[in-house]
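Please open the structure in your viewer and keep the selection tool at hand. The stops below follow one another, each with something to select.

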Amino acid sequence: VNDVSFDVPAGEVHCLMGPSGCGKTTTLRLIAGLEKLQAGTIDLAGRRLAEAQRVLPPEARQIGLMFQDLALFPHLTIVENVAFGLRRLPAAARRARAHELIEMVGMARHAAKYPSQLSGGEQQRIALARALAPRPRLMLLDEAFSALDASLRAGIRNETLQILKAANVPTLLVTHDPEEAIVAGDHVHVMQEGRLIQSGPPDDLYRRPANEFVANFFGPIVRFDTNVKGGLAWTPLGMIAAPVHDDGRPVSVVFRAEALDLRPDYNGTGHAGQVVSCRRMGPSCDLNIKLETGSTITVRKPIETPHHIGMRMGFAIDERYT
């Protein structure tokens, strides 16, 4: 990890995302105190947690942790699991705090059960209650929802983050899933090879990516290598304005699928291609279109878009998505 710096304000959810091995989990472990900091500083609410020569141990940082492996103790009841991190409190205070949190996550009627008697989603709620029990000043979630069934994931994630926001706890969610980052994050930080490439609100990163890596991480793109002539870049789909580039300069033009207004080209005019295959994706379909240059692009469009194999399709470009 090199030159990574960001702030997470109280009550906000920030997502740290990137491909496997990019350094996002290492960053989280540094914040938690599970890795030793070699340079730089880590602060929480004005308190120095770590610097090169001085590091607070994890248990002294007031940080809550939730991982993909929820690690609930199978031999303890739900209330005992939630109370586990409160051993410094008197027994009555421990149980009161545990019951308060179990009720907050909607699991009061399961307090006397064991983890094996709960569903995956119910275990997730208990893991959250346990993490919140010591009143953390920061919550770290490392791929915390990826083990859940797809049908449960969005609902449990939304419930968890709403509880954390209501408690005004700043939250850092590590994820490799761009859809999760867009839906869950107030702010998204994209990492590549140990460095922070771009930070900002999800919509900014989606619409104004810093480079092709960021653009590609947030969904399929169409890319053409070309040259600039007269302030324009030629592509098989049309001309793109490139006023800041010198004539003759090689450039890459990157499109999002929504940049292309796809329509049947019955008259055989303009820039077009031929549908060679279609793969249905629920309410959408991935159309493979062979261009007149011989290359093939894949465009995801609503299933209602008129198309069939062999149809000639024309394009118009919305440059807000290029």
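Two strands count as paired if DSSP finds at least two bridges between them. Strands (E, at least two residues) and helices (H or I, at least four) are DSSP runs, numbered from the N terminus. This is a predicted model, in which local features need pLDDT of at least 70 and side-chain atom pairs count only at pLDDT 80 or more, while totals for chains, interfaces and linings use all residues. Residues are numbered from 1 along each chain as its sequence is written, and side-chain values use heavy atoms, with hydrogens and water left out.

**Stop 1**

Select residues 272-281, strand β15, together with residues 284-291, strand β16. The two run antiparallel and are joined by 8 bridges. Within this pair, Arg279 stands opposite Asp286 of β16.

Now widen the selection to the sheet. Its 5 strands come in the order β14-β18-β15-β16-β17, with antiparallel pairing, and the sheet is open. Which strands stand at the edges? They are β14 (260-264) and β17 (296-302); each has a single partner strand, so one side of each has no neighbour in the sheet. On average, neighbouring strands of this sheet are turned by 45 degrees against each other, direction ignored. Here the axes are lines fitted to C-alpha atoms, for helices over the stretch in contact, and angles run from 0 to 180 degrees between N-to-C directions.

**Stop 1: Arg312 and Glu292**

Select Arg312 and Glu292, whose side chains meet in a salt bridge at 3.1 Å, N to O. A salt bridge is a side-chain nitrogen of Lys or Arg within 4 Å of a carboxyl oxygen of Asp or Glu. Arg312 belongs to strand β18 (residues 312-317) and Glu292 to the loop between β16 and β17, so the pair ties together parts 20 residues apart in sequence. Arg312 is partly exposed at 30% relative accessible area, whereas Glu292 is exposed at 55%. Buried means under 20% relative accessible area, exposed means over 50%, and partly exposed is in between (1.4 Å probe, protein chains only).

**Stop 2: other salt bridges**

How many salt bridges does a search of the whole structure find? The search gives 13. One of them joins Lys165 and Asp186, at 3.0 Å from N to O. Lys165 is in helix α5 (residues 150-166) and Asp186 in the loop between α6 (178-184) and β8 (187-192), so this pair ties together parts 21 residues apart in sequence. Both ends are partly exposed: Lys165 has 35% relative accessibility, and Asp186 has 31%.

Next select Glu35 and Arg29, whose side chains also meet in a salt bridge (3.0 Å, N to O). Glu35 is partly exposed at 34%, and Arg29 is partly exposed at 29%.

**Stop 4**

Select β2 (41-44), β3 (47-51) and the loop between them, where Ala45 is found. The strands run antiparallel and are joined by 4 bridges.

Asp43 has Arg48 of β3 as its bridge partner. Salt bridges with shared partners also join Asp43, Arg48 and Glu51 into one network. The hairpin has 2 residues between its strands, and Ala45 takes a positive phi near 55 degrees there. Ala45 is exposed, at 56% relative accessible area.

Another positive phi is at Asp3, near 60 degrees. Asp3 is in the segment before β1 (13-17) and is exposed at 61%.

**Stop 3: the cysteines**

Select Cys278 and Cys285. Their sulfurs are 4.1 Å apart, too far for a bond. Cys278 is partly exposed, with 34% relative accessible area. A disulfide is a pair of cysteine sulfur atoms within 2.5 Å, and a search of the whole structure finds 0 of them. Cys15, too, is in no disulfide; the nearest cysteine sulfur, in Cys22, is 13 Å away. Cys15 is buried, with a relative accessible area of 0%.
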